[in-house]
Amino acid sequence: MQAAEITRREAIAGLAAAGTMLAVGSDAPAQQSDRRTQVTITCFIRYQIDPFQRDEFKKYAEAWGRIIPRCGGHLLGYFLPYEGTNDVGWGLIAFDSLASYETYKARLRADPEAKANFAAAQSKRFILREERNFVEVVDGTFELPSTLKA
């Protein structure tokens, strides 16, 4: 069986949905609605990386695993290419509002480890391009189980 190819837009939408699912969680419905009101937006970062410096990007991402929560972001995860395109990575960070994102950015600018991580990325040039999008879940479309009968 041949794997179906998906478009870039479909891949981004899938990652955004997965990231939001992680932010909201898969707890009982009462806990879900509480979390959903706390995490309303997800910053979806798409990186074009140097595929020959994949390990450098991995170190960069691992550092954010310490920095982002300390500075107030809800880190959903960083993702490296696994199969297919080898020069694209993603990061997903959730916030309860754009205001909390702005506060987070100010904390990042003051954080010594964040400054060092940014500087390493610039000096080693393993990130070739970066784009950020902010996404939200469309009500009534999230975590719908399959209705396919086996």
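The structure is a predicted model, in which local features need pLDDT of at least 70 and side-chain atom pairs count only at pLDDT 80 or more, while totals for chains, interfaces and linings use all residues. Residues are numbered from 1 along each chain as its sequence is written, and side-chain values use heavy atoms, with hydrogens and water left out.

## Overall fold

The protein contains five helices and four strands. Helices (H or I, at least four residues) and strands (E, at least two) are DSSP runs, numbered from the N terminus. Their order from the N terminus is α-α-β-α-β-β-α-α-β.

Of the 150 residues, 33% count as buried. Here buried means under 20% relative accessible area, exposed means over 50%, and partly exposed lies in between (1.4 Å probe, protein chains only). The accessible surface of the protein comes to about 9,800 Å², and carbon and sulfur atoms hold 54% of that area; such areas come from the Shrake-Rupley method with a 1.4 Å probe, and for residues only the protein chains shown count as cover.

A contact means heavy atoms within 4.5 Å. Among the contacts in the protein with a separation of 6 or more, 73% are between residues 24 or more positions apart.

## Strand S3

How many of the eight residues of strand S3 are buried? Eight of the eight residues of S3 (residues 88-95) are buried, so this strand is largely enclosed by the rest of the structure. In a regular strand the side chains alternate between the two faces of the sheet. Both faces of S3 are covered: one side carries Val88, Trp90, Leu92 and Ala94, the other Gly89, Gly91, Ile93 and Phe95, and all are buried.

Two strands pair if DSSP finds at least two bridges between them. Strand S1 (residues 41-49) pairs with S3 in the antiparallel sense over eight bridges, and Gln48 stands opposite Val88 in S3. Strand S2 (residues 74-79) also runs antiparallel to S3 and is joined to it by five bridges; the bridge partner of Gly77 in S3 is Leu92.

## Cysteines

The whole structure has zero disulfides, a disulfide being a pair of cysteine sulfur atoms within 2.5 Å. Cys43 is buried, with a relative accessible area of 1%, and Cys71 is buried at 3%.

## Aromatic rings

Rings of Phe, Tyr and Trp (its six-membered ring) pair if their centres lie within 6.5 Å; planes under 30 degrees apart count as stacked, over 60 as edge-to-face and the rest as tilted. The structure holds 12 aromatic pairs, including the two below.

| Ring pair | Distance between centres | Angle between planes | Class |
|---|---|---|---|
| Phe95 and Tyr104 | 4.9 Å | 55 degrees | tilted |
| Tyr101 and Phe134 | 4.8 Å | 70 degrees | edge-to-face |

The second pair links distant parts of the chain, with Tyr101 in helix H4 (residues 98-110) and Phe134 in strand S4, 33 residues apart. Tyr101 is buried at 7% relative accessibility, whereas Phe134 is partly exposed at 35%. In the other pair, both Phe95 and Tyr104 are buried.

Ring pairs also link Tyr47, Phe57, Tyr60, Trp64, Tyr78, Phe118 and Phe126 into a cluster.

Most residues other than glycine have a negative phi. Arg125 has a positive phi of about 55 degrees although it is not a glycine. Where is Arg125 found? Arg125 is in the loop between helix H5 (112-124) and strand S4 (127-135), and at 62% relative accessibility Arg125 counts as exposed.
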